[in-house]
Amino acid sequence: MAVYTDVTAEELSAHLARYDIGELLSFKGIAEGVENTNFLLHTTAGSFILTLYEKRVDPADLPFFIGLMEHLAARGLTCPQPVRMKDGATLGELAGRPAAIVTFLEGMWIRRPQVHHCAAVGRALAQLHLAGQGFALTRVNALSVPGWRPLYEKARERADTVAPGLAATIAAELDHCERSWPKTLPAGVIHADLFNDNVFFLNNALSGLIDFYFACNDLLAYDLAICLNAWCFSPDFEFDFAKGSAMIAAYQAVRPLSGEETAALPLLARGSALRFLLTRLVDWLNVPPGAVVTPKDPIEYLKKLRFHQKVASPTEYGLA
């Protein structure tokens, strides 16, 4: 989440008149994240999240995101629900941007996750993968392997200003992933961005998943690899075997991994680290003027990538 587009109280009040969610009491921008503009709204009917979809989001993808949240909730997954306007629509326009309002989930995200948090995330991720079955719409993952080299080209000339030799490191890793990436593993709807700030906990129990705006169709085990990267490293970027083991065991208790998925996990983890290294690098080098956003340090994922490059067996992630 971030704030790229300013909205006045008058504009917002006029927009809210299209809904049946009361009158505006207050609103504030949410500065965390990097993708869209988000505001926390307080109205006479309660609290809501307003999202303005910025230029990197294809408007043609919005029905997928909105429909997916409704599909998952209907199958028991706790996630935000789109609020419909008085005419039944879920998408509008505000400040020149496509806009949607979703329900507010109680809870808070965990800055220093413990083993039990990682287990809860593994279980919820597997539940999401099962709940996503049967969703009628599809969306190609624009940030999977074919999309990585264009990102690299955007950052290549300035990459070494972030870390010496970074351009060469990324180029070599791209070659490896493009040559070796699996193509026949089980696939379906994935979240693709289930980081700490997209999972809420309440009274130490997982209370919901948010931010489905990277969701797409891709390899299910790749989504698990993303979560291993996001949740199972220490603050000094050492992999935490206990957290990885707990996450994988909880995932497999709901949806067991195939032998092929297990064998591919080190490569999927490398690819996941490369994907976030690339997107963070591009964002780090291209913060829009005036944007209220804190770009995330790409070096975190360079260090994680270096760990994965040394992994010789999936058992090093905690697989039995």
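## Charges and salt bridges in a predicted model

The protein carries 28 positive and 34 negative side chains, and the centres of these two sets sit 3 Å apart. Here Lys and Arg count as positive and Asp and Glu as negative, with His and the chain ends not counted; each charge is placed at NZ of Lys, CZ of Arg, CG of Asp or CD of Glu.

A word on the ground rules. This is a predicted model, where local features need pLDDT of at least 70 and side-chain atom pairs count only at pLDDT 80 or more, while totals for chains, interfaces and linings use all residues. Residues are numbered from 1 along each chain as its sequence is written, and side-chain values use heavy atoms, with hydrogens and water left out.

Now the overall build. The secondary structure comes to nine helices and nine strands, which are DSSP runs (helices H or I, at least four residues; strands E, at least two) numbered from the N terminus. For 320 residues, a compact globule would have a radius of gyration near 20 Å, and the protein agrees with its 20 Å; that radius is taken over C-alpha atoms, and the globule rule is 2.2 Å times the number of residues to the power 0.38. Of the 320 residues, 55% are buried, meaning under 20% relative accessible area, with exposed being over 50% and partly exposed in between (1.4 Å probe, protein chains only).

Back to the charges. Side chains of opposite charge can pair when their charged atoms come close. Count a salt bridge as a side-chain nitrogen of Lys or Arg within 4 Å of a carboxyl oxygen of Asp or Glu, and there are eleven salt bridges. Three of them look like this:

| Acidic residue | Basic residue | N to O distance |
| D175 | R149 | 2.9 Å |
| E178 | R149 | 2.9 Å |
| E300 | R280 | 2.9 Å |

In the E300–R280 salt bridge, E300 belongs to helix α9 (residues 299-310) and R280 to helix α8 (residues 259-285), 20 residues apart. E300 is partly exposed at 21% relative accessible area, whereas R280 is buried at 9%.

Salt bridges with shared partners join R149, D175 and E178 into one network. D175 pairs with R149, linking helix α5 (residues 166-180) to helix α4 (residues 145-155) across 26 residues. D175 is partly exposed at 39%, and R149 is partly exposed too, at 27%. E178 also bridges to R149, and because E178 lies in helix α5 and R149 in helix α4, this pair ties together parts 29 residues apart in sequence. E178 counts as partly exposed at 34%.
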